[in-house]
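Please consider the sequence and the structure shown below.

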Amino acid sequence: MTTLHVPPLPGPADPVSPPAAASVSPPAAAPAAAAPAADLSVWPASTIPLAHGDLAVAGVPLTEVAERFGTPAYLLDEGDVRARCRAYLRAFKDADVLYAAKAFLCRAMAHWVADEGLGLDVCSAGELELAVTTGFPADRIVLHGNAKSPEDLRAALRLGVGRIVIDSASEIARLAAAVPPGSRQKVMVRVVPGIAAGGHAKIRTGTDDQKFGLSLTDGSAQHAIARILGRPTLELVGLHCHLGSQITTEKPYLCAVRRLVGLMARIKEQHGVTLPELDLGGGHGIAYRPGEDALDIASLARKVRAELTESCAAAGLPVPRLLVEPGRAIAGPAGVALYRVLAVKRTSGRTFVAVDGGMSDNPRPALYGVRYAPRLVGRRTTAGPEPVTVVGRPLRGGRRPRRRRPAPRRRTPRGPAGCAGRGSYHLSMASGYNLVGRPPVIAVADGHARLLVRRESLEDFRGRDVGL
Ligand SMILES: *Cc1c(COP(=O)(O)O)cnc(C)c1O
């Protein structure tokens, strides 16, 4: 149950004194002795409570960020991102850890990830160009995509991307022909292992009824592999799978290991080829609200390693090099969105708190029905917690889906209020909806805040709009 400690609500935030900035987390900011202690478990590890209900992330008070950069604003705790990269490398020893750029990418993010020794997984020429022009070593980059455009493939070959993951049969000839004669492009094959896993139907990609990859069950993966092996400009280095996202149990990954090793054994039998790499994709789940399950990365790594060793021994194969591609689990928990409360409305027994962001910076509630645990910061209150529904500003962001049953009186905010867990799949999916403009991205580290990506302005919109 998410509540905001909303002090006796006077109505719209006072426009003279700075309105409260709402950010995310569990039980509301609770400075009063009687109020519950702040549960900061889903916030960046550096988060500490300050006086007056404020919070500091990486030593930077959130009220200061809101004042200096305006709202809505997205913060990334650089130290938290780096610590997560290191935790992955520690857990997955003898494996390559690739950050999945589609979770969130900007130049600084590419730099941090490269600096920590991770690789990168990209799915467009845009992500690829941004990373390479930031200095990310191209040979540590893997290109994915179920429908790679000619530009995507050209950019990949021109920049010398490390691996291209083949996702469909039609791609094989196209790619093989595009590789300059005499050179070879390393490729992997994205296999659909027939495993249902993931937090929402729209983000399950391990089953046969979706658009990604080549099926193991109907033989299309095996067929594609035979064709790739017949192409002298392509070098098949391994198998890839990505089961989905927000997966919170280890079992689907272990099952995927067994199935992919099984396929590797058949490839060896039929073609005499031993593939040196196995990429298990990402999808590692995180908690968005206190008490939610997150995947234990160290435990996942141990079990995957054990399963891989065992399956390979049983199949008489050498153990391939393992690759994993976490996106959400690296960027998500390191990010915080800051909004301002613009309006408070009480209607038919419910309280709506409208903030200055919404679907244009966070489409996840609309896409997947996700919920957050926002909290007010920078406002002291002695009032008890009160259940409110946090809604966004853009039109659809604040609309509640129709419910068949009467809504319970105490409910979780459904709209995008300011939140922790905002580092991934928020800004990367932000849009120009309502011409609100995308928020800036601010890095916080060692008590300092610095602008990474500036706020999108009306000038930006006008600049693109060239007709009349
Ligand atoms: C999206 C994606 C990932 C990352 O998924 P997360 O849920 O963010 O960990 C990794 N690999 C591929 C191929 C993807 O499409």
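Asp356 counts as buried in this predicted model, because its relative accessibility is 6%, under the 20% limit for burial. The residue is found in the loop between β16 (350-355) and α11 (364-368). Leaving aside neighbours within four places in sequence, Asp356 is in contact with Thr71, Pro72, Tyr339, Arg340, Leu342 and Arg393. The C-alpha atoms of Asp356 and Gly392 are separated by 6.4 Å, although the two residues are 36 residues apart along the chain.

The peptide bond from Thr71 to Pro72 is cis, with omega near -10°. Pro72 belongs to the loop between α1 (62-69) and β5 (73-77). Most peptide bonds are trans, and most residues other than glycine have a negative phi.

Two residues with positive phi may be considered next. Gln246, a residue other than glycine, has a positive phi near 60°; its place is in the loop between β12 (234-240) and α8. Leu435 is likewise a residue other than glycine with a positive phi, in this case near 50°, and lies in the loop between β18 (389-391) and β19 (441-445). Are these residues buried or exposed? Gln246 is buried, with a relative accessible area of 16%, whereas Leu435 is exposed, with a relative accessible area of 54%.

The protein as a whole has 12 helices and 20 strands. Of its 468 residues, 56% count as buried. Among contacts with a separation of 6 or more, 71% are accounted for by residues 24 or more positions apart.

At least three residues of the core come from each of domain 1 (2-76 + 334-464) and domain 2 (78-332).

Apart from neighbours within four places in sequence, Leu280 is in contact with Cys241, Tyr253, Ala256, Val257, Val304, Leu322, Leu323 and Val324. Thr309 is found in helix α9 (residues 297-315) and is partly exposed, with a relative accessible area of 39%.

The final feature is a pair of helices. Two packed helices are described by the angle between their axes and the distance between the axes. Helix α6 (residues 169-178) and helix α7 (residues 220-229) pack at an angle of about 10°, with their axes 9 Å apart. The angle makes α6 roughly parallel to α7. Which residues make the contact? On α6 they are Ala169, Ile172 and Ala173, and on α7 they are Ala224, Arg227 and Ile228. The residues of this contact divide into five nonpolar, no polar and one charged.

Note on methods:
Residues are numbered from 1 along each chain as its sequence is written. This is a predicted model: local features need pLDDT of at least 70, side-chain atom pairs count only at pLDDT 80 or more; totals for chains, interfaces and linings use all residues. Side-chain values use heavy atoms; hydrogens and water are left out. Axes are lines fitted to C-alpha atoms, for helices over the stretch in contact, and angles run from 0 to 180 degrees between N-to-C directions. Helices (H or I, at least four residues) and strands (E, at least two) are DSSP runs, numbered from the N terminus. Angles under 35 degrees count as roughly parallel, over 145 as roughly antiparallel, 65 to 115 as roughly perpendicular and the rest as oblique. Contact means heavy atoms within 4.5 Å. Ala, Val, Leu, Ile, Met, Phe, Trp, Tyr, Cys and Pro count as nonpolar, Asp, Glu, Lys and Arg as charged, and the others, Gly among them, as polar. Domain bounds come from an automatic or database domain assignment. Buried means under 20% relative accessible area, exposed over 50%, partly exposed in between (1.4 Å probe, protein chains only).
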